[in-house]
Amino acid sequence: MGLKVMKSSQVIRCRAAILWKPGAPFSIEEVEVAPPKAKEVRVKIVATGFCGTEMKMLKSKTLHHDHYPIIMGHEGAGIVESVGEGVSTVKTGDKVITLFLPQCGECASCLNSEDNFCKQFKQSETNLMSDGTSRFTCKGKLVYHFGNTSTFSEYTVINEISVAKADAFAPLEKVCLISCGFSTGFGAAVNTAKVTPGSTCAVFGLGGVGMSAIMGCKVAGAARIIGVDINKDKFEKAKEVGATECINPQDYEKPIQEVLFEMTGDGVDFCFEVIGNPETVAAALASCHESHGVCVIVGLTIGDQLNISGHLFLSGRSLKGSIFGGWKSRKDVPKLVSDYMAKKYNLDPLITHTLNLDKINEAVEFMKTGKWQVARTIFMSEYLGSRERVPVAAALSAASISLGPYHLPVSCWLPVASVSIPTPEGFCQQQNAVLPTPD
Ligand code: NAD
Ligand code: ZN
């Protein structure tokens, strides 16, 4: 089938969840999304998860450097709508996974096989595109980008180096988790810690990322995987994905590291902090075997100081950081998607809720309260080839709330499309979205 490579010059008007100021709720607004410039792609976001990092950012008054209004979201999957000049690795109609961690392929980190921290990551700190401008406006105001991706929008503009091509058959409402949560936790176990067969592991924090770390420990052959969380409602799911036992620090009078030493004899071989709290980092390190124990910090503690006794390192414990599970994003994400398609792992248990983006403030409440045993909430924007709103979530999650595409006024969209999407045989109909043309 012939593919049109669209170099769109049109502005797209669509809906997005905007954060106007720190501490405010998200506000669903109509935004203008400018065409992609050189080396950029405009992506129709089909599904995006809600990550613990967003919660951290929402709570922080300073992390965005006063860059408001802003469109957050970084755990996305979508379809390339158009490409800017010089884009050679993806084309209109390609399914892509968004990458908060780019891979430019040229910097010292990209050229080092042991390193995944592409120097272009720092671009995200500007909350703008590489040329110092934004592709988003709302009500006449510039709107800032987030995490090199801004996936809480129906359309977003992303640098070519911040998208990875996904298998044309991949269900985007699942593989969006490869964009952050799954890859981060799973990779922390298999790449950063290099969990060994027969070992004992502990995972502090049983959100979507912690659950994925458990999956990584299991695949690596760990004999014992102990889940640690203050929300016992997470335990059933943690066991479903591979935890052999789960404990709640609030059930004990003594520090959790002492409990883990009693449970294991010598401490754990590998420990993962997947909360982002300086005190639990210290406890996780202290839970490790005194000589060979490895503690991996996955939870972000940006802006926080760690207070750790030097004594803990005397006998040989190590403490390591990990970003995006140590994966080289553009190189490894297509393979992670293929592995999912080959049923080498299952993302279903991680998806506990599927919502319309209109409900984003409810998702914030779930995360705050731990209600509904949230692992991951996915937001969907799905067109099934016409202007009609079609509920698609029901099949995805028992607890899902049915949705349409952000309740867009139909007048925003013209009938199908000057953009052609490849339709490989057997393409899931839900994914065979035909992009609406911008008005
Ligand atoms: P989440 O909010 O879904 O999960 C956090 C879990 O920690 C919850 O189950 C909560 O009940 C539990 N928890 C909170 N305080 C606790 C305590 N004192 N003791 C035990 N458990 C406690 O978050 P998530 O999406 O799974 O993300 C987890 C962390 O990973 C966040 O800090 C996020 O910023 C970080 N993260 C890091 C990277 C990376 O590349 N390093 C990528 C994504 C996310
Ligand atoms: Zn994330």
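S183 is placed in helix 4 (residues 181-193) of this predicted model, where helices (H or I, at least four residues) and strands (E, at least two) are DSSP runs numbered from the N terminus. With a relative accessibility of 0%, S183 counts as buried; buried denotes under 20% relative accessible area, exposed over 50%, and partly exposed in between (1.4 Å probe, protein chains only). Residues up to four places away in sequence being left out, S183 touches L177, I178, A188, F324, G325, W327 and L336, contact meaning heavy atoms within 4.5 Å. Residues are numbered from 1 along each chain as its sequence is written, while chains are lettered from A and ligands numbered from 1 in the order in which they are written. Local features need pLDDT of at least 70 and side-chain atom pairs count only at pLDDT 80 or more, whereas totals for chains, interfaces and linings use all residues; side-chain values use heavy atoms, with hydrogens and water left out.

The protein contains 11 helices and 17 strands. Of its 439 residues, 58% count as buried. Among contacts between residues at least 6 apart in sequence, 71% join residues at least 24 apart. The accessible surface comes to about 17,300 Å², and 53% of this area belongs to carbon and sulfur atoms; areas were computed by the Shrake-Rupley method with a 1.4 Å probe, and for residues only the protein chains shown count as cover.

In soluble globular proteins, nonpolar side chains tend to be buried together. A nonpolar core is defined here as a set of buried Ala, Val, Leu, Ile, Met, Phe, Trp, Tyr and Cys residues joined through side-chain atoms within 4.5 Å. The largest nonpolar core comprises 58 residues, of which I178, F182, V195 and F272 touch the most other members. Helix 5 (residues 208-219) gives the most to this core, contributing six residues. Apart from this core lies another, of 34 residues, among them A16, C138, V157 and I360. Beyond its neighbours within four places in sequence, F182 contacts L177, G187, S212, M215, L336, Y345, L347 and L350.

Two further helices were examined for burial. In helix 11 (residues 360-369), the residues I360, A363, V364 and F366 are buried. Viewed down the helix axis, the buried residues of helix 11 fall within an arc of 160°, so they line one face of the helix; the arc is that of the directions from the helix axis to the C-beta atoms. In helix 8 (residues 278-286), V281, A282, A283, A284, L285 and A286 are buried. The elements covering these residues include strand 10 (200-204), helix 7 (256-264) and strand 13 (270-273). At the start of helix 8, a side-chain oxygen of N277 reaches to within 2.8 Å of the backbone nitrogen of E279.

C51 lies in the loop between strand 3 (40-49) and helix 1 (52-59) and H74 in the loop between helix 1 and strand 4 (75-83), so the pair ties together parts that are 23 residues apart in sequence. Both C51 and H74 are buried.

R42 is found in strand 3 and is buried, its relative accessible area being 0%. A polar contact of 2.7 Å joins the side chains of R42 and E81. The R42 side chain also reaches the backbone oxygen of V33 at 2.9 Å. A polar contact is a pair of N or O atoms within 3.5 Å; within protein, one must be able to donate a hydrogen and the other to accept it, and residues adjacent in sequence count only if both atoms are side-chain atoms.
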